[in-house]
Amino acid sequence: MPLRNATFLAPMCQYSVTKRDGLPTSWQLVHLGARASGGFGLVWTEATAVVPEGRISPEDTGIWSDEHTAAWRPIVDFIHAQGAAAGIQLAHAGGKASAHPALADAERGTVPESEGGWIAEAPSSSDVFGLALPRALTLEQIAALVTAWGEAARRADAAGFDALQIHAAHGYLLHEFLSPRSNQRDDHYGGSFENRIRFALEVVAEVRRNWPDDKPLAIRFSGEDWTPDGWTIAETVELAQRVHKLGVTVFDLSSGGIGAFTGPTGPGYQVTLARAVREALPAEGTFVTAVGQITEAKHAEAILVAGDADGITIGRAALANPNWAVHAAVELGDGQEGLVAPQYWRASMG
């Protein structure tokens, strides 16, 4: 898939679907559209739920019906009109679902059923999330969720998205199955490494069956739980190789998400995770992005030059500056030609 540069807008929840129906609104159009016009090569949506119960909060977006497909289509069209590729992140929040929106000065914790929340579902009924206890998924429910991921992929294609990312990070459902910290099942979905990765492999295979062969399939991992009893980078590398055989070619490496974060901090603190996956995959036909406190253009370029990653995912820095990619191009000497919307030509981006 051709991209104008190697900057990716990170999937970042906006908690702005005030009608609580999962339908993207003018906020998603403006938020994503501004970063597309700001020069990013690919713009990822926020975590978009494959079923209503998979939303992190009641105010999250979804794509569990054809009505959602229609609502996403004009947003995708606008992103394309600005010269960027449009990607959707499909997600299920698992035991971290039905939470209050993570907005400034907002209430924290679980939204009760009396206020429009629901009982979350996870691999196991665990208190590791610091929220109301979730219900353990039954085998029948797991099978139904695999199907739901496939149907969501089909709708994402119909909406016109160019790329699809499976969210397997940050303590949400797929990561919950992977990590021994949150998966205490005693059936064939729990215990051993082979059992813990089973659900993720089933989801990837089903999504790939429903997603066109000529469109990239991506996955986001938490490369490390950063705890002795958690998911490790060695396991991430092994799983990355497995899903690559199933048709995943784009990998984004984040970390943490189950319990309190105990890992390193600082600019580029997750780059070593990206490099580990980059070194384990074929150089041709795969693409690995690094993310995590990468805010400066020269730092981002250095990561690429060193071969630690093939692309850079920008998150909070892009919230502060929608034109981050244009400014980076100017700072690195590439200029702003072709990146700035013609309506903004009077502005100097230097």
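**Note on the barrel, its core and its helices**

1. Strand β6 first. 6 of the 6 residues of β6 are buried, so the strand is largely enclosed by the rest of the structure. This is a predicted model. A163, Q165 and H167 point one way from β6. L164, I166 and A168 point the other way, and all of these residues are buried. In a regular strand, side chains alternate between the two faces of the sheet.

2. Partners of β6. β3 and β6 pair in the parallel sense, over 4 bridges. Within that pairing, L90 has I166 of β6 as its bridge partner. Strand β7, residues 217-222, is joined to β6 by 5 bridges, and the two run parallel. Here L164 stands opposite L217 in β7.

3. The barrel. β6 belongs to a set of 8 strands that close into a barrel. The order is β1-β2-β3-β6-β7-β8-β9-β10, and the pairing is parallel. From one strand to the next, the twist averages 25°. Helix α1, residues 26-37, packs on the sheet and touches β1 (7-9) and β2 (42-49). The direction of α1 makes about 155° with that of β2.

4. Strand β8 (residues 250-254) is joined to β9 by 4 bridges, and they run parallel. F251 stands opposite V288 in β9. On to β10: 3 bridges join β9 (residues 287-291) to β10 (residues 311-314), again running parallel. A290 has I312 in β10 as its bridge partner. β9 is mostly covered, with 4 of its 5 residues buried.

5. The main core. In soluble globular proteins, nonpolar side chains tend to be buried together. The largest nonpolar core in this model has 75 residues. L164, I166, F199 and F251 have the most contacts inside this core. Helix α3, residues 139-158, gives the largest share, 8 residues. A second, separate core of 9 residues includes Y15, A47, I56 and A97.

6. What does I166 contact, leaving aside its neighbours within four places in sequence? The list is L90, W149, L174, V203, V204, V207, L217, A218, I219 and R220. L90 is also the bridge partner of I166. W149 is one of the buried residues of α3.

7. Helix α3, length and burial. At 1.5 Å a residue, the 20 residues of α3 should span 28 Å; the end C-alpha atoms are 29 Å apart, which agrees. I142, L145, V146, A148, W149, G150, A152, A153, R155 and A156 are the buried residues listed for α3. What covers the buried residues includes α2 (66-81), β3 (85-91), β6 (163-168), α4 (173-178) and α6 (198-210). Just after α3, G160 takes a positive phi of about 100°.

8. α3 against α6. Two packed helices are described by the angle between their axes and the distance between the axes. The axes of α3 and α6 come within 8 Å and cross at roughly 35°. The crossing is right-handed. On the α3 side, the contact is made by I142, L145, V146, T147, W149, G150, A153 and R154. On the α6 side, F199, E202, V203, E206, V207 and N210 make the contact. F199 is among the residues with the most contacts inside the largest core.

9. α3 against α2. These helices pack at an angle of about 35°, with their axes 9 Å apart. This crossing, too, is right-handed. D66, T69 and R73 of α2 meet R154, R155 and A158 of α3. R154 also takes part in the contact with α6.

10. Is T236 buried or exposed? At 0% relative accessibility, T236 counts as buried, because the cut-off for buried is under 20%. T236 lies in helix α7, residues 233-245. Not counting residues up to four places away in sequence, T236 touches F221, S222, G223, W231, L253 and V277. T236 and A318 are 82 residues apart in sequence. In space, C-alpha to C-alpha, T236 and A318 are 27 Å apart.

Notes: Residues numbered from 1 in each chain as written. Predicted model: local features only at pLDDT ≥ 70, side-chain atom pairs only at ≥ 80, totals over all residues. Heavy atoms only, no water. Pairing = 2+ DSSP bridges. Axes fitted to C-alpha atoms, helices over the stretch in contact; angles between N-to-C directions. Contact = heavy atoms within 4.5 Å. Core = buried A, V, L, I, M, F, W, Y, C linked by side-chain atoms within 4.5 Å. Buried < 20%, exposed > 50% of the residue type's maximum accessible area, 1.4 Å probe, protein only. Expected span 1.5 Å × (residues − 1). Left-handed = near helix turned anticlockwise from the far one by under 90°.
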